[in-house]
Amino acid sequence: MTRPSCLPDWLAEVALDLSPVKGGAQHRLRLALKMAWRDIRRHRGRSALIMALIALPIFAMSFALTAGMSTQATAAETVAMELGQTQGRLGDLHAPNANTVQAVSGDTGRGGGAISMDGDPNFVATAPADAVPPGYTAIPWHSATLYTPVGKAQIELRTTVADVLNPAFKGKYTLLDGVAPTSATQALATRGLLERFGLKLGEELTTSAGTFSITGTIRPESQGDGETFLFLKKEQLPAEVAQALSPATVYLVGEKALKWADAKAFNAQGVMLTSRSLILDPPSKAELGPDAQFLNDDWRSSGMVQLILMGGLIGVLALLEVGLLAGAAFAVGARKQQRDLALLAASGAEGPMVRATVTASGLWLGLAGGAIGAVLGSIAAVITVLVVREQGLVIFKGLHLMWLPTIGLVLLGVVAGVVAAMVPARAVAKQATLSALKSGRTADAPSKWGTRIGIGLIGVAVICMVASSAATIALRGNENQWQWAPWLTGLAIAGAVALVFAFILMTGRLIELLTKRTAWLPVPLRLAARDSARNRGRTVPAVAAVLAAATLSGALMVGTASIMQNNSENYNWSANLNQGGIELEFMDYNYVDVGGGAMSSDSAQIKTVDAVQAAKQLEDELGPGITTQVLHGTPRATQCELDVHNEMVANGKEQATPQVCPEWGLSEPVDNRCKMGSDNLPEEIGDWRCVGSMARDTSAMNLPKIIVGGEAELTALLGRVPSAEARKVLADGGMVLSNKIFLQPENTVDVVSYDPHDYEGHNFDPVTGAPTFMRYIPKPLTSHSLAAVVDAPEKALAYYGVMSPEAAAAVQLPVSEQTLLVTVPQALTRAEQDQLQSAMAPLLGQYNYINIETVSVHQYGQDPLVHCHGRSTHHAQCGWHHRRSGARRRAQRSRHAGQRRGGHQTPQGHLRVPDVDDGVVGHGAGCDCRGHSHDRGALAKPWPRDCDPVAPTRNVGGVGAALRCGRSVVLTKGKLPLTRRQTLA
C-alpha cells in the first residue's frame, strides 16, 4: 500500500535539480568583488593603510627599475657619447706582435681581447694616423696638459685638442652656452672650468699655451659639466706644444660601416678599432672563432643581471615585510567582518565563497596599490633622471622607461595583496557558522606542514649557499670567473631568501619551544609568553615582520659596508681623511719654460722647505683650526740619486752599471708573503697578508717609509691615542709597525738597507708571466733587529712604522725632516685647493702641490644609505607594533576582567603585560643575508650598526611595551591554565 503524500500535487511534480548553474562561478566572483568593494568603501582608513603598504615597495622598485636601468647606457647611447656621428676611431693597440686581437667593443669595454705574449722584435706598430683606410675622412683628436697661473702657483689644466663643434661629433660634445670661437685667441671650456677659476663667458684665461677668451661652454656627454677641460684646435697651439701632443686618436667619417674583418686588419698593424657597427651589431660567436668569450665583453648585460638580482633580493624581502603587515591589517578587517560572513554562510554560501569575499579585498587593494606605486615611482624616477641630467651629471646615461617590467610590478602588487588576504580568508572560512554567530571562535590547531616545509627550505638554502661557496672557491683564480659571478650571486640570493621563508614558516614552532617552560619567569613575562604562544595568528606575523626587516637591513648594510671596505683597501691613501703632507725635502728638476708651453729640465737639485715658515703660511691661509706635525724619517731624495740623475742627463742615457743608492725598509718573513693567483688577485679572499699598510709595496710621495719620532708623531699618523704597549715599545727603543706582515715570530722586526735594483729571485711566474707574490723581497745590504709591536692606522697609510731617534741612531738610519703633516678641520673645495697651492708656491715651487684627502665613497663608515634605511625600518616597525598593540589590548580585555574578578589588580585597575614576544622573540629570530663576494673583496661586518635593524624593533617591541606597562604588580607564583578559547574582539 502506497503512503499518501502530504505535498501539493504541483510541488510533487517539480524535480530537485542539483546540477551546477551555468555561470555560477562568475556570479560568485562578481558578488565577492561587489561585497569587497563595499567593505573597502565602508572602512576607508584601513583600506588606505593596506593600499599604502603595498604601494610603498612597488614605488621603490619602480623608481629603482627606471633609475637603475637609466644608469646603463644602451649601445646607441654608447656610440653617441663615444663616437658621435663617426663610423669609428683608431687608437694604439699596444700589441707586442701582429697576432693580438682586440675586444669587439674596442676601447669602450672593460678589457678583453686575445693577447699573444710572444714578442716579435721585428714588429713595428703603425701609427693610427697612418692607418686611415681610403674612403674615410680623418679627424685627429689629442689630449694635452697645460698650466694656468693661480696666484703664484701653476695649476694643471686638462686640454682636448680637436674641433669639438664638428658636426661629426654631434652627440659626443654639446654646445651649452655662448658661441663658437671665431679666432685663434678664442676657446671653449666646460662649466666646471669656469666655476673653478671664477670666470664668465667673454673673460680671458691665461695658460702655458697662450691667453684665450672663453666664448662658450661645452658638455662632454661622457664626462659631465663638473670636469675641468679646455677645448682648443691644434692650429691654436704653439709649435713646441703641438709637437709634444699625445699620439692622435683618429675618428673616421665615411659612409661604409667598419666590420670585424676591418678590425682584425687594423689589429695586424697594431691599431685598435672602436667601431659604431661592431657596438650596435656585434659579430656572432662563429665569426669571432674560438676566442669568442675573450673578445665579446658584454659588460652591460652582466651589470644589468647583477642589478636585477640585487633589486630582486631587496624587492622580495620588502614585499615579504609588506605582505606580513598587510596580512595583519586584513586579519583585523576579516575579524570585524566575521559576523557578516557568518550570515552569508548561514544563507547557504560555501567556504570558497566566503574565502573569495575576503580575498577579493586583496585583489582590489593590490591592484590599486600596485598601479599607484608603479605610476608614482616611474614619474619620480623620470623627474630625477631629467633633473640630474640637466645639471650635467653623468650618473644617468639616458632615460630608460621599462614598460613591461613596470606592468609586471603592478601584477606583483596584485599578487602581494591576494597572498596577504589568503591566510585571513582561510581562517575566517574555517570558522564554524554557529560559533561565529554566537560571538565565539575556536583557535585552529597549528599545522605541522609549516614546520615540515620550513625544514625543507632550510635544506634548499643550505644546498644553494654551499653550492655557491664551493663554486666560488673552485673558480678562484680562474680568468673566466666574472662570467659566473651573476649566476653564483643569484644562487646565494636564492638560498638567503629560502632561509628567510624557512624561519618564517618555523616561527610558530620556535615560539612554542621558547615559551613552553616559563614557570620560572615573573608573572608579567609568563603571561606575555603564554599569550604569544596561544595567539600565533598575531604573534607569528609580528616576529616574521621583524625577521624580514632585520634581514633586509642586514643585507643592505653588510653589502654596502663590504663594497666600501673593498674600495678603501684598494685606494692608495696618502694620509688620513682631511689630512695632507708637505714635502720638506724633495728633488727639484728645475723645469724651464722654453716657449710655447714646452718644458725642459737640464739639471736637478735637492730642495728643502722651512717647516716653521710652512706651518705659519698654512695657518695664515687656512686659519688657526689646523694642526701640523713635522715628521722625520728616511730621505726620499739623496745626493746619490741626484748624482745619478744629473749624470744621466749629461750623457743623454742611463748608465749600464749605475751607482748603488741604498734604500731602507723592512724584511718580511717568508710565511707572510701574499701569494697571487692567475687572475692577478690574492689566492685567498680576505688574506691578512694581502691588505694593510705597505701590503701592495707602494709608498706615498709625502710620507717617509720609516718615520723617526715619538708619541706625538705616532698619534698624528694613527688619528688616535696609541696603545699602551705601543708607547712602551717606542720608549724602550723598539718600533711600532703599521702592518703585522712585517712582524717576525719573535716579536721583532728586521730593518734593512737594500739595493732597489737587486732582489732575491723574481716576482713573476716564468711560464705564465703572472705575478706569484704581491711584494718583492729585497736583498739586504745591512740588517738590524729591533723589538716591535703592531699598532695599525685605520687607513692603509704608506709607511712601515715609527721608531725613536735613539733606535734610528742604533741602526745607523739616515734621518732628516721629510714631511709637514697638516690636518684641516673640514674638506677643501677645488678652488680652495688652488688658492692653497698658490699661497704655498713661494715655498714649494710653482708645480708642486698639496694633496688633502677628502671625504669620499671610501669613507664607508658614513654611509647615508644605511642610516636612512635604518630609520625607515624603524618607522615601519613602529607603525606595525602600534597597530598590533591595539589589537592585543582588545583581545586581552576579557582575560584582564577575569583576573580582576579573581582579586588581582594593579593600582590603576589593570594588569599590564609587556610585549615580550616583540623584544625577545623578534630579536632572536632576526638574521641578515651575507652574500658571497665574487669580486674577491673582503666581507665587512659593520657590527656597531648591525644592531640598527634589530634595535628599533627590539626597542619598539620591548622597551616601548615596558613604557606602556608603567608599574606592574608582583603576583604569587602559580600555574595559570593555557586555554584554547578566547572571545571575539
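The expected span of a helix is 1.5 Å times one less than its number of residues. In this predicted model, helix α21 covers residues 611-622. At 1.5 Å a residue, its twelve residues should span 16 Å, and the end C-alpha atoms are 16 Å apart, so expectation and model agree. The buried residues of α21 are A611, A614, A615 and L618. Seen down the helix axis, these buried residues fall within an arc of 100°, which means that they line one face of α21. The face turned away from this buried side carries the exposed residues V612, K616 and D620. On the buried side, the packing partners are the strands β12 (579-583), β17 (627-633) and β24 (816-823), together with helix α26 (830-844).

Helix α19 (residues 523-534) also has twelve residues. The distance from its first C-alpha to its last is 16 Å, close to the 16 Å expected at 1.5 Å a residue. Ten of the twelve residues of α19 are buried, so the helix is largely enclosed by the rest of the structure. The buried residues are V523, P524, R526, L527, A528, A529, R530, D531, S532 and A533.

Strand β7 comprises residues 210-220. Nine of its eleven residues are buried, and β7 is therefore largely enclosed by the rest of the structure. The pairing of β7 with other strands was examined next. Strand β4 (residues 173-178) runs antiparallel to β7, and five bridges join the two. Within this pairing, L175 has I218 of β7 as its bridge partner. Strand β5 (residues 186-189) runs parallel to β7 and is joined to it by four bridges. Here Q186 is bridged to S213 of β7. Strand β6 (residues 204-207) pairs with β7 in the antiparallel sense, over four bridges. The bridge partner of L205 in β7 is F212. A hairpin of two residues leads from β6 to β7.

Residue L157 is found in strand β3 (residues 153-161). With a relative accessible area of 0%, L157 is buried, because buried means under 20%. Apart from neighbours within four places in sequence, L157 is in contact with A144, T145, L146, T148, L193, F197, L205, T207, T228 and L230. One of these contacts, L205, is the residue bridged to F212 of β7. Another, T228, lies 71 residues from L157 along the chain, and the C-alpha atoms of the two are separated by 7.2 Å.

Aromatic rings were then considered. A search of the whole structure finds six aromatic pairs. One of them is formed by F169 and Y173, whose rings are edge-to-face, with 5.8 Å from centre to centre and 85° between the planes. Both residues count as buried, F169 at 0% relative accessibility and Y173 at 9%. F169 and Y173 belong to one aromatic cluster with F229, F231 and Y251. The ring of F229 also has the charged end of R158 over it, 4.5 Å from the ring centre. A further arrangement of a charge over a ring involves K740 and W688: the charged end of K740 is 4.8 Å from the centre of the W688 ring.

Two further residues were examined individually. T748 lies in strand β21 (residues 748-759). Its relative accessible area is 17%; the limit for a buried residue is under 20%, so T748 counts as buried. When neighbours within four places in sequence are left aside, the contacts of T748 are F742, L743, S785, L786, A787 and A788.

S47 lies in helix α3 (residues 44-70). This serine is buried, with a relative accessible area of 6%. Not counting residues up to four places away in sequence, S47 touches I40 and L365. The C-alpha atoms of S47 and G362 are separated by 9.6 Å, although the two residues are 315 residues apart along the chain.

Terms used: Residues are numbered from 1 along each chain as its sequence is written. This is a predicted model: local features need pLDDT of at least 70, side-chain atom pairs count only at pLDDT 80 or more; totals for chains, interfaces and linings use all residues. Side-chain values use heavy atoms; hydrogens and water are left out. Buried means under 20% relative accessible area, exposed over 50%, partly exposed in between (1.4 Å probe, protein chains only). Two strands pair if DSSP finds at least two bridges between them. Rings of Phe, Tyr and Trp (its six-membered ring) pair if their centres lie within 6.5 Å; planes under 30 degrees apart count as stacked, over 60 as edge-to-face and the rest as tilted. A charge sits over a ring if NZ of Lys or CZ of Arg is within 6 Å of the ring centre and within 35 degrees of the ring normal. The arc is that of the directions from the helix axis to the C-beta atoms. Contact means heavy atoms within 4.5 Å.
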